[in-house]
Amino acid sequence: MKLLRLAAAIGVGVAAIGAVSRGAQHTSMENARANRSKVTIEGLVRDVACPIQNLDGKATDMSLKCVTDCLKGGSPIAILTKDGDLYLPISDKMPDIDQREKLAPFVGKYVRATGIAFERKGMRAIVIAEIAEVKDVNVRDEGE
């Protein structure tokens, strides 16, 4: 009986936490203390898993099948630059809003993105204001 009451209490507590977290957060990107800068980056839109695990991965070579399989499996989407930097796309909202739908048309393509970049201890993120494919950069699909 005590176990049932504990489970019920935890369930109520989790529901209450969920209700609080779904409420409006008053965190403002503009007023937050952060390492931010306006940037234009160029790179390959892809999953984050392969370039993290394979330091030889390049912004102009990939297996589109592998990239799409990783993204379907839930790997975060990222932009890999020619310098090897990875940028995770984030929204300008709190709580953050998924950027997959916005970037889906660009998966496997080399792009130029402008926006606000954030950096913290080597991790990079970008709030994308504009994005377009760079058509004169050839991306080789190793799976072809």
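**Group meeting: a walk through a predicted α/β model**

Read along the sequence, the protein follows the pattern α-β-α-β-α-β-β-α-β-β-β, which amounts to 4 helices and 7 strands; helices here are DSSP runs of H or I with at least four residues, strands are runs of E with at least two, and both are numbered from the N terminus. This is a predicted model, in which local features need pLDDT of at least 70 and side-chain atom pairs count only at pLDDT 80 or more, while totals for chains, interfaces and linings use all residues. Residues are numbered from 1 along each chain as its sequence is written, and side-chain values use heavy atoms, with hydrogens and water left out.

Let me begin with the overall figures. Of the 144 residues, 33% count as buried, where buried means under 20% relative accessible area, exposed means over 50%, and partly exposed lies in between, with a 1.4 Å probe and protein chains only. Among contacts between residues at least 6 apart in sequence, 68% join residues at least 24 apart, a contact being heavy atoms within 4.5 Å. The protein exposes about 9800 Å², of which carbon and sulfur atoms supply 55%; the areas come from the Shrake-Rupley method with a 1.4 Å probe, and for residues only the protein chains shown count as cover.

Leaving aside residues up to four places away in sequence, A113 touches V39, T40, I41, I79, I126, I128, E130 and I131. I126, in strand β6, is buried, because its relative accessible area is 0%.

Next, the largest pocket, which has a volume of about 430 Å³. Its lining comprises 19 residues, of which I90, F118, R120, M123 and A125 lie nearest its centre, and β4, β5 and β6 each supply at least two of the lining residues. On a 1 Å grid over the protein atoms alone, a pocket is an open set of points with protein on both sides within 12 Å along at least five of seven lines, and lining residues have an atom within 4 Å of a point.

I will close with two backbone details. The peptide bond from M94 to P95 is cis, with omega near 0°, and P95 sits in the loop between β4 and α4 (100-103). K121, in the loop between β5 and β6, has a phi near 50°, a positive value in a residue other than glycine; K121 counts as exposed because its relative accessibility is 84%.

Technical notes
On a 1 Å grid over the protein atoms alone, a cavity is a set of points where a 1.4 Å probe fits but cannot get out, and a pocket is an open set with protein on both sides within 12 Å along at least five of seven lines; lining residues have an atom within 4 Å of a point. Grid points are joined across faces, edges and corners, and a volume is the space filled by probe spheres set on the points.
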